[in-house]
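Biologist: Before we discuss any details, could we look at the chain together and work through its interior and its sheet?

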Amino acid sequence: MSREPLLNVKDLAVRFPIREGLVRERTVAEVRAVDGVSFEVAKGEILGLVGESGCGKSTVARAITRVVKPSAGTIDFDGQNLATAEGRELHELRRRVQMIFQDPYASLNPRMTVGAILREPADIYNVGTSAERTGRVSELLELVGLDPRFAERYPHEFSGGQRQRIGVARALALNPDLVVADEPVSALDVSVQAQILNLLAELRQRLGLAYLFIAHDLSVVRHISDRTAVMYLGKIVEVAPSAELNSSPVHPYSIALLSAVPIPDPAIEKKRKRIILKGDVPSPSNPPSGCAFQTRCWLKEKLGNPERCNTESPALVQVSTGHQVACHFPDKA
């Protein structure tokens, strides 16, 4: 795997206005869905992005694929800024950045055959002749482990796992360099999840793909990702190699998340301390001052509620090679 950055996101912010008035003409507040996120994805790398529901993971995915336009920050993709690209430039960049969606039932058009669904990207970008596009459909189905004869069937004739394979095939139709996978296995049975994860890992090896893999299940991310970024309330609080994050987390939020992951050893599980976070995640329209996690932080209570946590937002700092954390007291956790 190359360490050359393919995607470099810096200070990414996505805000949605809250409007009032008869025709919603007054902006009275804003939802800070993503608030100053920075990370890199190298060529051929899988970066996992984890966090609770509502923390901004899917909004990051939609900003990178330009389904929503960022409010601030840069999205450097192979030397071009996706955040500001428009028109023809954006059209061409989207060809190289594709997305796999969470729901395999809602993401496929029920009125189109599988062949038409897989052919559509080539039709939009006018790639190849009609015969080449038809041949490409068969190649894509074989690539994801499906019979090319399925091209004449409709989405309702397939199981959830098969539909997600079709979604993967559609994402690969234009030979992208980066695939953004937004919780691609969370709607599937556990046995089917393993099949899709193994398929994605195999495609990475065969095609040299890079993935931004989004999930809320740490065990899934640990299985497939080279590195993992942990997100909380629109911010990234820790980034580390996946094995290191799971064995030696530093941020109190990461520690709490990992304490909830069961270990298949009764002796170890019995001795383990479970950290239960108090309260709910604050509203992104009214985030707390200082550290985003300070209202639920068990370490802050342990240290006697230091004022710095209430007033100063911690920056991501390096605690070891490739391991960054946004905490004022990383050595105390």
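Biologist: Leaving aside neighbours within four places in sequence, which residues is Leu203 in contact with?

Modeller: Please keep in mind that this is a predicted model. Leu203 belongs to the largest nonpolar core, where Leu203 is among the residues that touch the most other members. Once its neighbours within four places in sequence are left aside, the residues in contact with Leu203 are Leu143, Val168, Leu172, Gly208, Leu209 and Tyr211.

Biologist: Is helix H5 largely enclosed by the rest of the structure or largely exposed?

Modeller: The buried residues of H5 include Arg163, Gln164, Val168 and Leu172, and the buried residues of this helix pack against strand E6, helices H3 and H4, strand E7 and H6. Because 12 of the 13 residues of H5 are buried, the helix is largely enclosed.

Biologist: Which strands are at the edges of the open sheet of 8 strands?

Modeller: The strand order is E6-E7-E8-E3-E9-E10-E12-E11, with mixed pairing, and neighbouring strands are turned by 25 degrees against each other on average, direction ignored. An edge strand of this sheet pairs on one side only, and the two that do so are E6 and E11.

Biologist: Within E10, what is the bridge partner of Ala229?

Modeller: Strands E9, residues 227-232, and E10, residues 235-241, run antiparallel and are joined by 6 bridges. Helix H9, residues 252-259, lies across both strands, running at about 105 degrees to E9. In E10, the residue that bridges to Ala229 is Val239.

Biologist: What kind of aromatic pair do Phe150 and Phe158 form?

Modeller: A search of the whole structure finds 4 aromatic pairs, and ring pairs also link Tyr232, Tyr253 and Phe293 into a cluster. Phe150 and Phe158 are both buried. Their rings lie 5.5 Å apart, centre to centre, with 65 degrees between the planes, and the pair is edge-to-face.

Terms used:
Residues are numbered from 1 along each chain as its sequence is written. This is a predicted model: local features need pLDDT of at least 70, side-chain atom pairs count only at pLDDT 80 or more; totals for chains, interfaces and linings use all residues. Side-chain values use heavy atoms; hydrogens and water are left out. A nonpolar core is a set of buried Ala, Val, Leu, Ile, Met, Phe, Trp, Tyr and Cys residues joined through side-chain atoms within 4.5 Å. Buried means under 20% relative accessible area, exposed over 50%, partly exposed in between (1.4 Å probe, protein chains only). Contact means heavy atoms within 4.5 Å. Helices (H or I, at least four residues) and strands (E, at least two) are DSSP runs, numbered from the N terminus. Rings of Phe, Tyr and Trp (its six-membered ring) pair if their centres lie within 6.5 Å; planes under 30 degrees apart count as stacked, over 60 as edge-to-face and the rest as tilted. Two strands pair if DSSP finds at least two bridges between them. Axes are lines fitted to C-alpha atoms, for helices over the stretch in contact, and angles run from 0 to 180 degrees between N-to-C directions.
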